[in-house]
Amino acid sequence: MSTLTAIHPKQALFGTELPRPHLPVCDHYAGVEARMRKSLTLQDHMAQEAGRAVFDVTLDLEDGAPVGGEHEQALLVAELLNSPANAWGRVGARVHDVSHPRFEDDVDTLIRLAGPRLAYLMVPKLGSVDEARRAIDFIKHARLRHNVPHVVPVHGLIETHKGLQQVASMAALPGLESLSFGLMDFVSEHRGAVPASAMGIEGQFRHPLVLRAKLEIAAACHAAGITPSHCVVTEFKDAHALSRAAETACRELGYTRMWSIHPDQIPVIIDAFAPVVAEVDDAVEILTDAQAAHWAPISHRGKLHDRASYRHYWYVLERAWLTGQPLPAEVVKTFFA
């Protein structure tokens, strides 16, 4: 293969403006010690089968810590981050919000004790650009203060009207890697004007105000080149309904990641966010032919394809790889080695 045909699609299709890599499509939350350890074990088991982590684990300091035991929870999370259980480097933590008195201690403790092992920090209740900037700056300064060379990406949670109004400006802040939607708090902020059914697995995709919020967050994230992460579904025992919700979030609303709060949700979300076999087959054929044509336009099954469609199919192929879908060995070697 010549030098030209060996160019990776990231270089050929995006030049110096390389796309940010997709995060794993599932973000699993756990705050109780037994569940945190179980989640890390499951992550390792599934990663060994796929050869890479297929979901992230977020260890929770906000909802996981008992009142008065916040610092002890931070110490426990730091211990788990540094342990062999964090085998794949895809474990983050949710800290308290910026206005909470424990925020600074959460961040300082985790970065001081386990900064190099942190995949990201999730900051909840981001109500404005100023709050998001304060969180990003404090995390950055803590990293520099403790001589941690590893950049710790920041994930944020939009839960309020004000946060939604500023979501585009927030998403554009350097250092932010992902934004999520906080469904329960957002509905509650409407002071009863939005029914409780809008928090459910069906209603959250039907109520216009909730649907609008989801779309605005997804659009802002894509415009800024960061990852939109869909909210949790609390009805974790209904796998079929969860699958429908995850497919809607992925295929209709543009989300590329989704929260999980129960281990049984993880494989359902991964399957729902994985591209279908026909999409993957098309991506393999089109990208292979395009590379052989030095990334010039090609005809595939009677349709013209050029760099615009090549970029789309690259994202399809990358998501197939991230979700552990089987790919031809030559494709893995060429594009993901």
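Guide: Gladly! Let us begin with a term: a strand is a DSSP run of at least two residues, and strands are numbered from the N terminus. Asp-56, for example, belongs to strand E2, which covers residues 56–60. Keep in mind that this is a predicted model.

Visitor: Is Asp-56 buried or exposed?

Guide: A residue counts as buried when its relative accessible area is under 20%. Asp-56 is buried, because its relative accessibility is 0%.

Visitor: Which residues does Asp-56 contact, beyond those within four places in sequence?

Guide: Its partners include Pro-24, Cys-26, Asp-27 and His-28, as well as Arg-90 and Arg-257. With Arg-90 there is also a polar contact between the side chains, at 2.8 Å. Sequence distance and distance in space are separate things to read: Asp-56 and Trp-88 are 32 residues apart in sequence, and their C-alpha atoms lie 9.4 Å apart.

Visitor: How do I read strands that sit side by side?

Guide: Look for bridges, and for the direction in which the strands run. Strands E5 (residues 154–158) and E6 are parallel and joined by five bridges. In this pairing, Gly-156 is opposite Leu-179 of E6. Strand E6 also pairs with E7 in the parallel sense, over three bridges; there, Ser-178 has Thr-227 in E7 as its bridge partner.

Visitor: How many residues of E6 are buried?

Guide: Five of the six residues in E6 (residues 176–181) are buried. As a general idea, side chains in a regular strand alternate between the two faces of the sheet.

Visitor: What about His-230?

Guide: His-230 is part of strand E7, residues 227–230. His-230 counts as buried because its relative accessible area is 0%. The side chains of His-230 and Lys-214 make a polar contact of 2.8 Å. Among the other residues that His-230 touches are Phe-205, Tyr-255, Arg-257 and Trp-259.

Note on methods:
Residues numbered from 1 in each chain as written. Predicted model: local features only at pLDDT ≥ 70, side-chain atom pairs only at ≥ 80, totals over all residues. Heavy atoms only, no water. Helix = DSSP H or I, 4+ residues; strand = E, 2+ residues; numbered from the N terminus. Buried < 20%, exposed > 50% of the residue type's maximum accessible area, 1.4 Å probe, protein only. Polar contact = N/O pair within 3.5 Å; in protein donor to acceptor, adjacent residues only side chain to side chain. Contact = heavy atoms within 4.5 Å. Pairing = 2+ DSSP bridges.
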